[in-house]
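Please look over the sequence and the structure shown here before reading on. The report that follows takes up a side-chain contact, a metal site and a helix.

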Amino acid sequence: MIFDLHSHTSFSDGSLQPEALIQRALENGVDVLSITDHDTLDAYRHLPEDLAGIELVAGIEFSTQWQNTGIHVLGLNVDPCSDAIRAGVSLQTDARMQRAHRIAENLEKRGIEDAFTGAASLAKGRYIGRPHFAQHVVNIGKARDMAAAFKDYLGDGKAGDVRQHWAEPAQIIEWIRDAKGIAVLAHPLKYKLTRTKLKRLLADFIGLGCEGMEVVSGQQTPQQTSGMVQVCVEMDLLASCGSDFHMPGKRWAELGSFTPLPPRVTPVWERF
Ligand code: AMP
Ligand code: MN
Ligand code: MN
Ligand code: MN
């Protein structure tokens, strides 16, 4: 069985609609899929009638911060109709819109014209993320590609890196738990923390009710995987895995395409 418990649709910063995402997951042999859009559950209101045999686990990827680092927390197997999580999504949506206006102001000062309207029209909806701004920067010829746009305008410490005050970890984990879901730290390797600091983060989050971590996130080296297995076992957490798929054409984040979880860890789906 292939479980891919981390993916994005066009309701956040992915390129595929839910139906096309599900189709691609099936073609790639995925048996159980979670759509985990950033701070929104909108995809779950736009599912195809026929899931074509795939099993869907309702999920979300919340943005938060810990000691000045942006952190992502997955809520897996949540009840998307729960009042608590819906109220949470609504707060995060407002925060994201406020941030979008501030990002646009900062980018305009750096010579990026029509930043808000450009990003909003690429986003096509109420969800606006940094990738939409990055695409706008590329479209008006101010960066060669997305990587360059992030490097010069939207990445760490750049004009578009607005220090957003997302809901606190305690709050987010509470929403997930109130929605009967399991809170899982997303892609621990992405934060570039030392091993000691990562364990401190996990200890804090465990204290708040976080129960798992992604041991496998997309393509990673065997050394990275064994490092994450070690942390997972030491911290006595459930293990999750997922591609973090956003769009076709990214080999390192393709649906269903990653190393299976090793037998030393307890998979999060044992609790579904
Ligand atoms: P946001 O949630 O609006 O802050 O946007 C964060 C998203 O931007 C991440 O989930 C990634 O999908 C994307 N992202 C972050 N860094 C990069 C990068 N260097 N190049 C391309 N996309 C990136
Ligand atoms: Mn993303
Ligand atoms: Mn993430
Ligand atoms: Mn993600």
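Which side chain does that of Ser63 meet in a polar contact of 2.7 Å? In this predicted model, the partner is Asp39, whose side chain is joined to that of Ser63 at this distance. Ser63 belongs to strand β3 and counts as buried because its relative accessible area is 3%, under the 20% that sets the limit for a buried residue. Leaving aside residues up to four places away in sequence, Ser63 also touches Ile71, His72, Gln92, Arg96, Trp166, Ala167 and Ile172.

**The site of the manganese ion (ligand 2)**

For comparison, ideal angles for six octahedral donors are 90 or 180 degrees. A separation of 5.6 Å lies between the manganese ion (ligand 2) and the manganese ion (ligand 3).

**Helix α1 and Ala25**

Helix α1 comprises residues 18-27 and includes Ala25. Pro18, Leu21, Ile22 and Ala25 are buried in this helix. Viewed down the axis of α1, the buried residues fall within an arc of 95°, and therefore they line one face of the helix. They pack against β2 and β3, whereas Glu19 and Glu27, on the other side of α1, are exposed. Just after the helix, Gly29 takes a positive phi of about 85°.

Ala25 itself counts as buried because its relative accessibility is 0%. Apart from residues up to four places away in sequence, Ala25 touches Val30, Leu33, Ile54 and Leu255. Ala170, by contrast, lies 145 residues from Ala25 in sequence and 32 Å from it in space, C-alpha to C-alpha.

| Pair | Distance |
|---|---|
| Ser63 and Asp39, side chains | 2.7 Å |
| Manganese ion (ligand 2) and manganese ion (ligand 3) | 5.6 Å |
| Ala25 and Ala170, C-alpha to C-alpha | 32 Å |

Definitions and conventions. Residues are numbered from 1 along each chain as its sequence is written. Chains are lettered from A and ligands numbered from 1 in the order in which they are written. This is a predicted model: local features need pLDDT of at least 70, side-chain atom pairs count only at pLDDT 80 or more; totals for chains, interfaces and linings use all residues. Side-chain values use heavy atoms; hydrogens and water are left out. Helices (H or I, at least four residues) and strands (E, at least two) are DSSP runs, numbered from the N terminus. Buried means under 20% relative accessible area, exposed over 50%, partly exposed in between (1.4 Å probe, protein chains only). Contact means heavy atoms within 4.5 Å. Donors are N, O and S atoms within 2.8 Å of the metal (3.2 Å for Na, K and Ca); water is not among the atoms, so sites may look incomplete. The arc is that of the directions from the helix axis to the C-beta atoms. A polar contact is a pair of N or O atoms within 3.5 Å; within protein, one must be able to donate a hydrogen and the other to accept it, and residues adjacent in sequence count only if both atoms are side-chain atoms.
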